[in-house]
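Open your viewer and let's take a short walk together.

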Amino acid sequence: MDPRLRELKLWVEQTFNDLGLALSDQWQCELVSGDASFRRYFRVLDRGRSWIAVDAPPEKEDSRPFVAVAQAWLPLGVAVPEIEAVDLEQGFMLLEDLGDVQYLSELNSDSADQLYELAFQQLVKIQSCRDLDGEALPPYDYAMLDREVLLFRDWFLKELLGLELSEDEERQLRDLFELLISAALEQPQVCVHRDYHSRNLMLCDQDRIGVIDFQDAVMGPVTYDLVSLLRDCYIAWPDERLEIWTASFVERIRHIDGIGNVPPEQFRRWFDLMGMQRHLKAVGIFARLKIRDGKAGYLPDIPRTFGYLLKVGAQYPQTQATIDWLRARVVPQMYSSGLFDEAQLDHWLNGEETKVSA
């Protein structure tokens, strides 16, 4: 009943034969997960060993960037999975198995310092990448940043919440978008993973991590992956710890052009405004997953992510008016929509203090 899976299994068997590693008659192929895209991941198990088989339908998913980034990052020491075999025409890949222990399940107040230390080590290596086999990384340019923030307006405000925006409201949003995009483009540009967070970092053993879901890498703002990691859509930390971690990471990247003499308040502004851009994008994507793709599982992450917007935006005079508008116009609609748990809305949107919340 699943033609793609049947074709994937046949390809896996042939691939192992080609590698001189014929599978036994007892080999298994188990679904590990799907994700927010059309990709599916299966674990191939045979005689105590395991691999990951990827089904990425070529008409919906282009696997070439994944291969190109993996091949560029491995020599830099980035802990991406080894690619054992790939068939771009069919959309199949066979990868090293990095396990199934996500950072998200292991992060807590006691483990965070060590785990983020490992994540910082990997991020420095990622940021050192300059090209993909001689080809320039795609730029995280104005057009891409703008498409992302429009997801918030189009999918969250209009489609999910059903808001009709006046010309003045559209203009106010546009002004916010322009401010955030300008702040992103003025930053030093480095290689950016684009989804460097607790669900895309795997804990392989006590001091080894793996990096996944990196196919969208671009050349973009130096704070983007850092804010993805520390202001994660899936787990929140108190500001005091964020400040310590951020300062620690900045010391590691002083060698990057444009970072060496940047005052701490300037880097913090970049970090905060970059986070607002990313969280606008994330809220829009979570809404689109619900409406377009029928994936409601990300809705509970919207209050936390939206709460970042309100809290951070209130700290800057240039964004305060829009934050006031979001509180007056959008927050009541979130309560009345019936889409969100009211206790979670209270927690994340009303300024309650939190130590750690996943």
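A crossing of two helices is called left-handed if the near helix is turned anticlockwise from the far one by less than a right angle, and right-handed if clockwise. Before we use that, two notes on what you are looking at. This is a predicted model, in which local features need pLDDT of at least 70 and side-chain atom pairs count only at pLDDT 80 or more, while totals for chains, interfaces and linings use all residues. Residues are numbered from 1 along each chain as its sequence is written, and side-chain values use heavy atoms, with hydrogens and water left out.

**Stop one: helix 4 and helix 8**

Select residues 112-127 for helix 4 and 239-252 for helix 8. Helices (H or I, at least four residues) and strands (E, at least two) are DSSP runs, numbered from the N terminus. The crossing of this pair, helix 4 and helix 8, is right-handed. Their axes lie 11 Å apart and the packing angle is about 35 degrees; axes are lines fitted to C-alpha atoms, for helices over the stretch in contact, and angles run from 0 to 180 degrees between N-to-C directions.

Now show side chains. On helix 4, the residues in contact (heavy atoms within 4.5 Å) include Y116, F120 and V124, and on helix 8 they include R241, W245 and F249. The contact of helix 4 with helix 8 has seven nonpolar, three polar and four charged residues. Here Ala, Val, Leu, Ile, Met, Phe, Trp, Tyr, Cys and Pro count as nonpolar, Asp, Glu, Lys and Arg as charged, and the others, Gly among them, as polar.

**Stop two: helix 6 and helix 9**

Next, select 167-185, which is helix 6, and 264-291, which is helix 9. At what angle do helix 6 and helix 9 pack? The angle is about 125 degrees, and the axes are 9 Å apart. Helix 6 and helix 9 are therefore oblique to each other: angles under 35 degrees count as roughly parallel, over 145 as roughly antiparallel, 65 to 115 as roughly perpendicular and the rest as oblique. Helix 6 passes helix 9 in a left-handed crossing. Among the residues making this contact are L176, L180 and A184 of helix 6, with W270, L273 and Q277 of helix 9. By class, the contact of helix 6 with helix 9 divides into eleven nonpolar residues, one polar and one charged.

Is H279 buried or exposed? H279 counts as buried, at 2% relative accessibility; buried means under 20% relative accessible area, exposed over 50%, partly exposed in between (1.4 Å probe, protein chains only). Beyond its neighbours within four places in sequence, H279 touches R231, C233, T305, Y308 and L309.

T305, Y308 and L309 are also among the buried residues of helix 10, so select 302-313. Eleven of the twelve residues in helix 10 are buried, and what covers them includes helix 5, helix 9, helix 11 and helix 12.

**Stop four: two loops**

Finally, pick R47, in the loop between strand 2 and strand 3. R47 has a positive phi of about 50 degrees although it is not a glycine, and it is exposed, with a relative accessible area of 62%. Then go to D213, between strand 10 and strand 11. Phi of D213 is near 60 degrees, but D213 is buried, at 18%.

Note on methods: The expected span of a helix is 1.5 Å times one less than its number of residues.
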